[in-house]
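Subject: Handover of a structure and the findings on it

Dear colleague,

Please find below the structure that I am handing over to you. I would be grateful if you could read the notes that follow with the model open beside them.

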Amino acid sequence: MSLQLPEGKTLAVNIGADFDAHSVWMGTFGLSSPSYLSRGEFGAEVGVPRLLDLFDRYGVHGTWCTPAHTMITFPERFRSIIDAGHEIAAHGCWHEPVPKLEAPEERRLMEETLKLHEKHVGKRPRGYRSPAWDFTEQTLELLEEFEFDWDSSLMGRDFQPYHPRPVTVGWENGSTFGDPSPVLEFPVSWFLDDFPAAEYIPGVNQGLASSEDMFQRFKDHFDYAYKHVQGGVLTITVHPQTIGRAHHMIGFEKFIDYMASFPGTWFGSLSEIYDTWVED
């Protein structure tokens with residue numbers, strides 16, 4: 001099983017922009033004060049145009065993981081992403097905390113999410129990213145049932161796609177794995193996400209880390225993958241309300257410029273990368 005990248009390309013790079021806007025504050029953190037909502041508004045009204053401009057200048061095809069709540073709340077900004085030719089992936093209904101959901105509610109929210117994608121995007125999404133970067137025991141089965149091609153929420157590899165397996169947790173006797181899922185996993189990592197390092201939430205997330213340190217960490221991942229993982233994929237996650245701040249945009253452009261300087265780099269959406277996957 002491997003990625004058969006376009007001729008002359010040796011590393012696929014996906015930039016996944018999680019366009020959470022208001023929903024991350026409401027759904028994940030239970031925060032809906034004017035201050036927190038304004039941070040989501042900044043992501044929509046300032047961060048999205050800045051990212052679209054940057055991606056256009058470097059020919060980056062990204063995957064915008066977008067909760068249905070964002071599509072409804074900021075329709076013009078959302079439409080600008082579609083008009084720019086980027087992929088839209090499922091990212092929950094209102095950035096719900098997936099591991100806390102009971103099975104009927106998880107199913108209901110998935111069905112509502114798909115319904116709203118059909119309404120606001122015009123088609124169902126091929127891929128899914130859990131708002132929590134975590135699953136319940138039912139999530140993988142739901143992705144299979146609703147015929148998703150890929151997921152990008154788990155962390156069982158770093159630069160190689162793989163087929164995730166359900167796990168039955170054991171203690172003295174060890175854990176056991178079920179059969180591999182037909183869904184293809186594009187692994188994520190908190191080390192390749194701007195939110196933990198840069199988004200300050202009093203009493204919850206320190207944030208405010210050095211942007212130079214964050215981008216150096218991103219660069220180290222790229223350098224290792226480019227040198228050692230031929231035909232691999234680097235999956236980077238950013239948030240318009242976080243990466244869209246001026247100082248981060250300066251560093252982010254330098255990082256994209258650096259990756260683009262290597263002839264084997266291919267910037268693709270996750271579905272474009274999925275389409276190069278070949279099973280043995």
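The notes below set out what was found, beginning with the basis of the values.

This is a predicted model, in which local features need pLDDT of at least 70 and side-chain atom pairs count only at pLDDT 80 or more, while totals for chains, interfaces and linings use all residues. Residues are numbered from 1 along each chain as its sequence is written, and side-chain values use heavy atoms, with hydrogens and water left out.

The annotated region

The UniProt record, an unreviewed entry, lists residues 34-268 as "domain: NodB homology". Positions from UniProt are given in the numbering used here, feature names are shortened, and annotations may be inferred rather than shown by experiment. Over residues 34-268 the chain is 46% helix and 12% strand, and the C-alpha atoms at the ends are 36 Å apart. Helices (H or I, at least four residues) and strands (E, at least two) are DSSP runs, numbered from the N terminus.

Helix 2 and helix 4

Two packed helices are described by the angle between their axes and the distance between the axes. Helix 2 (residues 34-58) packs with helix 4 (residues 75-83) at an angle of about 10 degrees, and their axes are 10 Å apart. Axes here are lines fitted to C-alpha atoms, for helices over the stretch in contact, and angles run from 0 to 180 degrees between N-to-C directions.

Helix 2 contributes Ala44, Glu45, Val48, Pro49 and Leu52 to the contact, and helix 4 contributes Arg77, Ser80 and Ile81. Contact means heavy atoms within 4.5 Å. Of the residues in the contact of helix 2 with helix 4, five are nonpolar, one is polar and two are charged. In this division Ala, Val, Leu, Ile, Met, Phe, Trp, Tyr, Cys and Pro count as nonpolar, Asp, Glu, Lys and Arg as charged, and the others, Gly among them, as polar.

Gly43 also lies in helix 2. Gly43 counts as buried, at 2% relative accessibility; buried means under 20% relative accessible area, exposed over 50%, and partly exposed in between (1.4 Å probe, protein chains only). Leaving aside neighbours within four places in sequence, Gly43 is in contact with Phe19, Val48, Pro240 and Gln241.

The nonpolar cores

A nonpolar core is a set of buried Ala, Val, Leu, Ile, Met, Phe, Trp, Tyr and Cys residues joined through side-chain atoms within 4.5 Å. The largest such core has 41 residues, and Val13, Trp64, Phe252, Ile256 and Met259 have the most contacts inside it. Two or more residues of this core come from each of strand 2 (11-18), helix 2, helix 4, helix 8 (211-228), strand 10 (232-238) and helix 10 (246-260). Not counting residues up to four places away in sequence, Met259 touches Val13, Phe222, Leu234, Ile236, Thr265 and Phe267.

A second, separate core has 14 residues, including Val98, Tyr128, Leu143 and Leu154. Phe135, in the loop between strand 5 and helix 6, touches Val98, Tyr128, Leu143 and Leu154 among others, with residues up to four places away not counted. Phe135 is buried, at 15% relative accessibility. In the loop between strand 5 (127-128) and helix 6 (139-145) one also finds Trp133, which is buried with a relative accessible area of 7%. Trp133 has a positive phi near 50 degrees, although it is a residue other than glycine.

From strand 2 to helix 1

Ala21 lies in the loop between strand 2 and helix 1 and is buried at 2% relative accessibility. Its phi is positive, about 50 degrees, although Ala21 is not a glycine. His22 is placed in the loop between strand 2 and helix 1 and is buried, with a relative accessible area of 15%. Beyond its neighbours within four places in sequence, His22 is in contact with residues including Leu37, Gly40, Glu41 and His69. Ser23 is found in helix 1 (residues 23-28) and is buried, at 0%. Among the contacts of Ser23, neighbours within four places aside, are Pro67, His69, Trp94 and His95.

Yours sincerely
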